Amino acid sequence: MTTTNKKQSVPQTTITRSLPELWEQTGNIYETVRIISKRANQLSVEMRDEIREKIQEVANYQETLDETPTENSEQIEISKYYEQLPKPTLVATTEFLNGEVYFRLPNEESQD
């Protein structure tokens, strides 16, 4: 997840949604929730990996400077930045409603 793209159009707080608006694309609210939750999980994993990578870069640089563990202000700044980003669920919901999430619904005829 590129954090600069996701921060622009996503609300920071939860907003009430119309149920017909949510199930309009799938025809089933449970399918919609499943799709949004899977996308939110993908975004969460991407964000976690991105945070770990950035903090590891800063930690490695700090270790080369001195051997005593100290509070790293750069790590704190990175953490604060990611705390201010919208939650993955809000990003996934916005993407779904904007038609930016690709999904396939199983065809009932092909399950026979």
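What follows is a walk through this structure, from its overall layout to some of its side-chain pairs.

Start with the whole chain. This is a predicted model. The protein chain holds five helices and zero strands. Read from the N terminus on, its elements run α-α-α-α-α. Of the 112 residues in the chain, 27% are buried. The chain exposes about 8300 Å². Carbon and sulfur atoms supply 49% of that area. Now look at the contacts between residues at least 6 apart in sequence. Of these, 78% join residues at least 24 apart.

How far does the predictor trust its own model? The average pLDDT of the chain is 80, and 78% of the residues score at least 70. Confidence is lowest in helix H1, residues 3–6, with a mean of 47. It is highest in helix H5, with a mean of 92. Over residues 1–7 the pLDDT stays under 50. For that stretch the model has 17 contacts beyond four places in sequence.

Next, take helix H3, which covers residues 29–65. Thr-32 lies in this helix. Is Thr-32 buried or exposed? Its relative accessibility is 1%, so Thr-32 counts as buried. Which residues does Thr-32 touch, leaving out those up to four places away in sequence? They are Leu-22, Trp-23, Thr-26 and Phe-96. Keep Phe-96 in mind, as it returns below.

Now turn to the charged side chains. The count of salt bridges comes to four. Three of them are worth a visit here, including the one between Glu-31 and Arg-34. The closest N and O atoms of Glu-31 and Arg-34 are 2.7 Å apart. Both residues lie in helix H3, three residues apart, which is about one turn of the helix. Glu-31 has 23% relative accessibility and counts as partly exposed. Arg-34, at 31%, also counts as partly exposed.

Lys-54 and Glu-50 form another salt bridge, with an N to O distance of 4.0 Å. Lys-54 and Glu-50 are four residues apart in helix H3, so about one helical turn separates them. Their surroundings can be compared too. Lys-54 is partly exposed, at 32% relative accessibility. Glu-50 is buried, at 17%. The reason for the two labels is that buried means under 20% relative accessible area.

Glu-95 and Arg-39 make a salt bridge as well, at 2.7 Å from N to O. Where do its two partners lie? Glu-95 is in helix H5, residues 88–97, and Arg-39 is in helix H3. The pair therefore ties together parts that are 56 residues apart in sequence. Glu-95 is buried, with a relative accessible area of 4%. Arg-39 is buried too, with 17%.

How many of its ten residues are buried? The number is eight, so H5 counts as mostly covered, given that buried means under 20% relative accessible area. The buried residues are Pro-88, Leu-90, Val-91, Ala-92, Thr-93, Thr-94, Glu-95 and Phe-96. After H5 comes Gly-99, whose phi is positive, near 75°.

A search of the whole structure finds two aromatic pairs. Tyr-81 and Tyr-82 form an edge-to-face pair. Their centres are 5.3 Å apart, and the angle between their planes is 85°. Tyr-81 is partly exposed, with a relative accessible area of 29%. Tyr-82 counts as buried, at 6%.

The other pair joins Phe-96 and Phe-103. What are the distance and angle here? The ring centres are 5.7 Å apart and the planes are at 35°, so the pair is tilted. Phe-96 is buried, with a relative accessible area of 1%. Phe-103 is partly exposed, with 23%.

Methods:
Residues are numbered from 1 along each chain as its sequence is written. Side-chain values use heavy atoms; hydrogens and water are left out. Helices (H or I, at least four residues) and strands (E, at least two) are DSSP runs, numbered from the N terminus. Buried means under 20% relative accessible area, exposed over 50%, partly exposed in between (1.4 Å probe, protein chains only). Rings of Phe, Tyr and Trp (its six-membered ring) pair if their centres lie within 6.5 Å; planes under 30 degrees apart count as stacked, over 60 as edge-to-face and the rest as tilted. Contact means heavy atoms within 4.5 Å. Accessible areas come from the Shrake-Rupley method with a 1.4 Å probe; for residues, only the protein chains shown count as cover. pLDDT is the predictor's confidence in each residue, from 0 to 100.
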